[in-house]
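The model is shown first, and the description follows.

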Amino acid sequence: MIPTSGVVICLGFILGLLFTSVPWGGVWVLGLGMVGAVLFRKRRLGKATQYPTDGSTTQGLRNISSNIPHSRIWLVAGLVGLLASVYFQWRSPQPGAQDISTLLVSENNGNQQQLVMVRGQVISNPRLTRNQRGQFVLAATQVDQVKNEAGPLDAAKGVTGKLYVTVPLLQSTGLYPGQQIAVTGVLYKPRTAYNPGGFDFQKFLNYQGIFAGLSGRQITFLDEYDQRPWGWWQVRQRIVRSHTQSLGVPHGPLVSAMVLGSKAVDLPHDIRDLFVKAGLAHTLAASGFHVSLVLGLVMQLTSRASARTRFTFGCLALIIFLSLTGFQPSVLRAVIMGFAALVGLLLQRKVKKFASLLLAATLLLLINPLWIWDLGFQLSFLATLGLVVTVPALVKRLDWLPPVIASLIAVPLAATIWTLPVQLFVFGMMPAYGVILNMISTPLIATISIGGIISAIAALLWPTGGSTLAELLYYPTDWLFKLVQLFRSFPGNSLNLGSISTWQLLAIYALVILVWLVPSWQKRWLFASFMAIALVLIPFWHSANTLFRITVLAAGKEPVVVIQERGKVTLINGGKQGTGRFTILPFLQQQGINHIDSAIAFATERSGISSNLKYQDSSAWLEVLQTIRIDNFYEYSANLTNNITNQAIQQQVQKQQGIHQPLAPGQIVNTGSVTAQLINDKPVLQLQIQGQNWLLVGDVKAQEVEQLVKAGSLVRPQVLWCRPESLLDLVQMLQPQVAIASYTNLDPKTLSNLSKNQTQLFSTRDDGAIQWTPNNQFEAFIQETENKSTFF
């Protein structure tokens with residue numbers, strides 16, 4: 001068991017890493033250590049409250065809490081926290097002087113593309129992206145060609161660093177780690193988050209030491225096919241092939257993912273999304289559950305052997321499993337705790353689970369302090385903490401049930417209690433039936449995981465035998481798959497509550513910890529539960545019923561606008577394919593929006609043959625409709641043809657018991673205090689919002705807009721959205737107070753001419769989403785995010 005002083009020092013180290021999100025965070029931790037030293041100047045051994053011995057796993061921590069460390073231990077813990085923040089900064093990846101990212105064209109050079117041929121070594125298994133392209137990481141060693149629109153810049157230049165590479169799917173087929181290749185493609189800088197709730201791809205890659213991407217077009221192989229070096233990837237492939245051969249797709253990859261984790265298996269995205277949204281993401285992540293199964297299987301097979309033999313085989317099994325899963329943080333944590341359990345078995349001593357968990361977390365963060373912000377590490381640590389300290393208390397309260405039933409309820413409930421606040425903080429969403437589904441599916445999950453491990457071992461020795469054993473898992477896997485689909489089909493299967501703030505997160509965890517540690521609060525657990533729920537729901541209810549905000553999302557050339565009006569939500573346009581999944585839905589989820597009152601799909605382009613309007617891509621609406629209910633859907637009448645996508649939209653709206661109706665030119669749509677009108681047969685939509693006139697102009701010439709103004713069909717707007725090619729003419733003609741251009745660069749001449757006007761200019765390319773509220777006026781999302789990052 002870790003002594004009390006060690007617990008305080010470990011917590012000081014972890015707290016120092018967490019405080020890296022705060023300016024001078026290490027100094028704050030040192031200050032907390034000094035405060036602790038003052039409060040506990042004298043050691044208080046055995047004078048703390050005596051907790052009853054109930055045999056629960058929390059007794060070890062309660063005994064620790066009764067021995068307050070000496071004041072100097074608190075000072076040491078504060079100093080360790082300060083050093084931890086320095087250590088975090090020192091270990092944060094930075095591009096080197098010869099990193100390939102230094103070849104990126106400056107942002108000021110517009111849309112110039114850099115065509116390069118990069119030589120290097122593949123260092124990850126190829127995976128399939130959502131856009132059906134192959135993806136892998138390349139350790140770059142040399143750039144043979146560098147070209148852009150201005151011509152060649154350099155040749156045969158030695159470089160360092162890693163590249164995030166995507167290539168056509170067929171190009172990536174057969175690639176393996178360690179292979180020497182040359183990739184021809186376009187260098188680019190990974191995108192940051194441009195919209196609230198959006199994925200910060202740049203930050204995600206930077207934490208991995210990747211600062212540039214390469215959109216590949218062609219791969220040239222530099223080494224022979226038969227020179228493949230041995231690697232664990234070959235063992236993984238053998239297991240996956242064995243499962244897939246007998247079970248097919250998606251059952252085979254699903255079983256492999258439940259054994260090795262989805263990071264080690266290229267599981268189809270739709271299957272992964274299905275399990276994540278249903279609340280079974282943990283079944284696809286190799287973690288403590290899998291480690292316990294592996295150890296349990298080894299201990300059972302070696303039950304008659306000596307303690308040394310069991311220890312040896314257990315350690316060997318853990319090392320092999322860790323190598324197969326790819327050294328993921330969650331697996332490393334579980335393996336360290338597994339080693340601790342084996343040591344306890346060898347020494348015939350009882351292992352304190354909380355102490356081993358804290359030690360595992362500290363060791364992992366010493367190896368890589370950046371894991372403190374890895375979501376998988378956070379959820380794995382919190383879920384295990386819940387199993388260690390909360391499950392015994394829940395089982396005790398459920399002692400009126402059979403032990404098996406009580407355990408089935410307590411385990412998912414304890415994990416949810418400790419992980420849900422982080423999920424709400426990051427995603428703003430919770431699976432409504434997650435706990436119930438976990439209770440029902442646990443026997444199936446255990447059966448599939450155990451059977452998958454056994455068949456995987458058999459496949460390594462005899463592939464045919466492994467496939468034969470895997471065939472026995474078809475029906476359990478199929479039942480699990482259908483069970484998840486059934487729960488996902490239930491109404492309200494996921495609840496968007498909105499991303500909670502930092503103070504809400506800390507307050508909820510404070511309540512959880514009080515119930516865990518303080519006996520008086522343990523008796524008031526129901527009151528604490530209501531307080532935690534109120535901390536989430538009251539701010540959500542207040543914001544939903546008082547907020548008035550308009551958000552112009554950064555969504556390419558389409559004007560995608562979300563109007564939040566005191567509980568009523570209007571969505572204008574869906575954008576192109578992928579916009580619904582990656583832009584609109586994350587924003588709605590982050591805002592806690594569960595349904596849309598009104599949706600308006602108006603044409604923004606003309607066809608190339610005639611002046612008729614067309615709505616090029618409606619698939620984004622299907623992406624939205626599959627998750628969010630729309631009460632009233634208005635679609636430009638010219639789009640209501642026999643187009644298969646439009647028919648699918650109408651069917652989906654009707655399935656949700658919504659109303660689908662045409663939007664005719666000149667028709668006025670009222671959505672609360674906002675009115676929208678499509679102007680004649682032009683791709684122009686006019687909005688009246690609290691006395692302001694907003695104008696969304698699509699593919700239309702400035703002369704046509706001028707004619708509409710002269711004819712009285714169009715009121716001069718206070719806010720203008722248009723395409724960059726017509727921005728200068730429309731601003732000079734209409735003189736709006738604010739102009740918003742879609743995602744693209746503006747040439748220097750246009751910017752110079754625009755600066756002569758009094759119009760405030762925003763570009764979704766540089767500013768990200770643009771938000772307006774009556775009090776705060778207009779704010780750019782990227783600038784606001786940078787300001788908050790500077791503060792926090």
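Ser323 touches Trp232 and Arg236, leaving aside residues up to four places away in sequence; contact means heavy atoms within 4.5 Å. Ser323 is placed in helix H11 (residues 307–325), where helices are DSSP runs (H or I, at least four residues) numbered from the N terminus. Ser323 counts as buried because its relative accessibility is 7%, the limit for buried being under 20% relative accessible area with a 1.4 Å probe and protein chains only.

This is a predicted model, in which local features need pLDDT of at least 70 and side-chain atom pairs count only at pLDDT 80 or more, while totals for chains, interfaces and linings use all residues. Residues are numbered from 1 along each chain as its sequence is written, and side-chain values use heavy atoms, without hydrogens and water.

The count of cavities of 30 Å³ or more comes to 2. A cavity is a set of points on a 1 Å grid over the protein atoms alone where a 1.4 Å probe fits but cannot get out, and lining residues have an atom within 4 Å of a point. A volume is the space filled by probe spheres set on the points.

| Cavity | Volume | Lining residues |
|---|---|---|
| Largest | About 40 Å³ | Lys277, Ala278, Pro431, Tyr433, Gly434, Leu437, Phe487, Arg488 and Asn493 |

The lining of the largest cavity divides into 5 nonpolar, 2 polar and 2 charged residues, whereas that of the second largest cavity has 4 nonpolar, 1 polar and no charged residues.

Conventions:
Helices (H or I, at least four residues) and strands (E, at least two) are DSSP runs, numbered from the N terminus. Buried means under 20% relative accessible area, exposed over 50%, partly exposed in between (1.4 Å probe, protein chains only). On a 1 Å grid over the protein atoms alone, a cavity is a set of points where a 1.4 Å probe fits but cannot get out, and a pocket is an open set with protein on both sides within 12 Å along at least five of seven lines; lining residues have an atom within 4 Å of a point. Ala, Val, Leu, Ile, Met, Phe, Trp, Tyr, Cys and Pro count as nonpolar, Asp, Glu, Lys and Arg as charged, and the others, Gly among them, as polar.
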